[in-house]
Amino acid sequence: MATNIVCQTCGLMQQVEKLEPGARAECCRCTSIISSRKINSLGRTAAFSLAALILYIPANIYPILRMNYYGAYSENTVWEGCVNLFRDGQWFVAGIVFLASILIPFFKLLGLFFLVITTKFGSARGRQQRTWIYKIIAVIGPWAMLDVFLLSVLVALVKLQQIATVLPGRGLLAFTGVVLLTILASASFDPKLIWEEAEQAS
């Protein structure tokens, strides 16, 4: 069944036949990609999300930073960093770090799992609501870049070795893995699968 699609680059409307997984359609005028289908979308999304959830636990339990400053040794997890910022009166910064590093990634992964399960079993209920969930996940996706920013701050702290010994903790690798796997999980999900069976039924 052909679908009318407007090219986002040149504005030309054209008909595109149903694509197989891994295929993509180009605009006949400007050759921009106007439609594409992802290979094994549900399986890849579920795998990346599950791996991210597994790493989510050590990323928040184990310290991401260890510091030895003139004999004073300290270890800090992401949660302890939020608490310390809150105690120091940096409420706004503490809130952003908590949302970007703990709360948003967790609910983002749960949302992706929900979309995978309901799409896999062909649930006909709440397709519009599930589409909104996907849109919300896509909107909050750039907030994951704050995690990258936090990692860059940790790299900058390592340069304090002239006055203190700063070493990465056991949670840093898991923390980095959660960030990367969450990005991959979001990029792997194909929202067209939510409505595919509805189109076939009609």
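This is a predicted model: local features need pLDDT of at least 70, side-chain atom pairs count only at pLDDT 80 or more; totals for chains, interfaces and linings use all residues.
Q: Which residues of helix 6 are buried?
A: Residues are numbered from 1 along each chain as its sequence is written, and side-chain values use heavy atoms, with hydrogens and water left out. Buried means under 20% relative accessible area, exposed means over 50%, and partly exposed is in between (1.4 Å probe, protein chains only). An α-helix has 3.6 residues a turn, so residues three or four places apart point the same way. The buried residues of helix 6 are G171, L172, A174, F175, G177, V178, V179, L181, T182, A185, S186 and S188.

Q: Which side chains form the salt bridge?
A: Here a salt bridge is a side-chain nitrogen of Lys or Arg within 4 Å of a carboxyl oxygen of Asp or Glu. The structure holds 1 of these. At 2.7 Å from N to O, the partners are R37 and D190.

Q: How many residues apart in sequence are the parts that R37 and D190 tie together?
A: R37 sits in the loop between strand 4 (33-36) and helix 1, while D190 is in the loop between helix 6 (170-188) and helix 7 (192-201). Both R37 and D190 are buried. Because of where they lie, the pair ties together parts separated in sequence by 153 residues.

Q: What is the phi of N40?
A: N40 is in the loop between strand 4 and helix 1. N40 isn't a glycine, yet its phi is positive, at about 45°.

Q: Which residue takes a positive phi in the hairpin of strand 3 and strand 4?
A: Two strands pair if DSSP finds at least two bridges between them. Strand 3 (residues 24-26) and strand 4 run antiparallel with 3 bridges, and R24 stands opposite S36. There are 6 residues between these strands, and the one with a positive phi near 65° is T31.

Q: What phi does G11 have in the turn between strand 1 and strand 2?
A: Strand 1 (residues 3-6) and strand 2 (residues 13-16) pair antiparallel over 4 bridges, and I5 has Q14 as its bridge partner. These strands make a hairpin with 6 residues between them, and the phi of G11 is positive, about 85°.

Q: Which residues make the nonpolar surface patch of about 290 Å²?
A: Patch members have over 30% relative accessible area and no salt bridge; like charges are joined within 9 Å and nonpolar side chains (Val, Leu, Ile, Met, Phe, Trp, Tyr) within 5 Å. Areas come from the Shrake-Rupley method with a 1.4 Å probe, and for residues only the protein chains shown count as cover. Y62, in the loop between helix 1 (41-61) and strand 5 (65-69), counts as partly exposed because its relative accessibility is 33%. The patch is made by I57, I61 and Y62.

Q: What share of the residues in the protein chain is buried?
A: The chain has 7 helices and 7 strands, and it exposes about 12,500 Å², of which carbon and sulfur atoms supply 66%. Of its 202 residues, the buried share is 35%.

Conventions
Helices (H or I, at least four residues) and strands (E, at least two) are DSSP runs, numbered from the N terminus.
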